[in-house]
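Please have the structure open as you read.

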Amino acid sequence: MIFSAPALVYAESKKHREAEYQNKWCSAMCGTQEYRLEDKTRVDCLTSTHAIEFDFAYKIYESIGQSLYYSIKTNKKPGIVLIIEQPDKEEKYIIRMKQIAESQGIDCWLMYESDLNNFHIHPVKL
């Protein structure tokens with residue numbers, strides 16, 4: 001498996017696992033975690049209205065594709081929760097997400113490391 005240098009840098013700097021963020025947010029939103037589709041793929045969090053993909057900021061493009069796919073398969077609105085652990089360095093990913101989400105009808109939220117202890121919902125205004 002080949003990794004690019006930027007991906008390795010971000011992967012090494014993660015402070016928490018994606019599952020920790022997913023568990024906190026999805027539980028607070030009364031969603032179903034790891035909802036399994038007939039093709040054996042899994043929606044990170046399925047709520048009554050959204051099929052939501054969680055990813056660290058540097059994986060924004062992957063999360064866009066997955067949220068759209070899960071939306072089609074579940075007939076729910078696509079959503080992304082973008083995990084932000086280094087706000088100063090990750091602003092560029094938030095900007096990119098907003099541009100694409102607005103044109104594709106994807107609802108987005110941000111989740112910060114501090115939300116693991118003191119949860120707040122951070123919807124992204126498009």
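Cys 30 is exposed, with a relative accessible area of 71% (exposed means over 50% relative accessible area, buried under 20% and partly exposed in between, using a 1.4 Å probe and protein chains only). This is a predicted model, where local features need pLDDT of at least 70, side-chain atom pairs count only at pLDDT 80 or more, and totals for chains, interfaces and linings use all residues. Residues are numbered from 1 along each chain as its sequence is written, and side-chain values use heavy atoms, leaving out hydrogens and water.

**The disulfide**

- Searching the whole structure turns up 1 disulfide, meaning a pair of cysteine sulfur atoms within 2.5 Å.
- Its partners are Cys 26 and Cys 45, with an S to S distance of 2.1 Å.
- The pair links distant parts of the chain, 19 residues apart: Cys 26 lies in helix α2 (residues 18-28) and Cys 45 in strand β2 (residues 42-46).
- Helices (H or I, at least four residues) and strands (E, at least two) are DSSP runs numbered from the N terminus.
- The link of Cys 26 and Cys 45 is right-handed, with 85 degrees about the S-S bond.
- Cys 26 is buried at 0% relative accessible area, and Cys 45 is buried at 0% too.

**Other cysteines**

- Cys 108 counts as buried, at 3% relative accessibility.

**Helix α4**

- Helix α4 (residues 87-104) has 18 residues and reaches 24 Å from first C-alpha to last, close to the expected 26 Å, which is 1.5 Å times one less than its number of residues.
- Its buried residues are Glu 90, Tyr 93, Ile 94, Met 97 and Ala 101.
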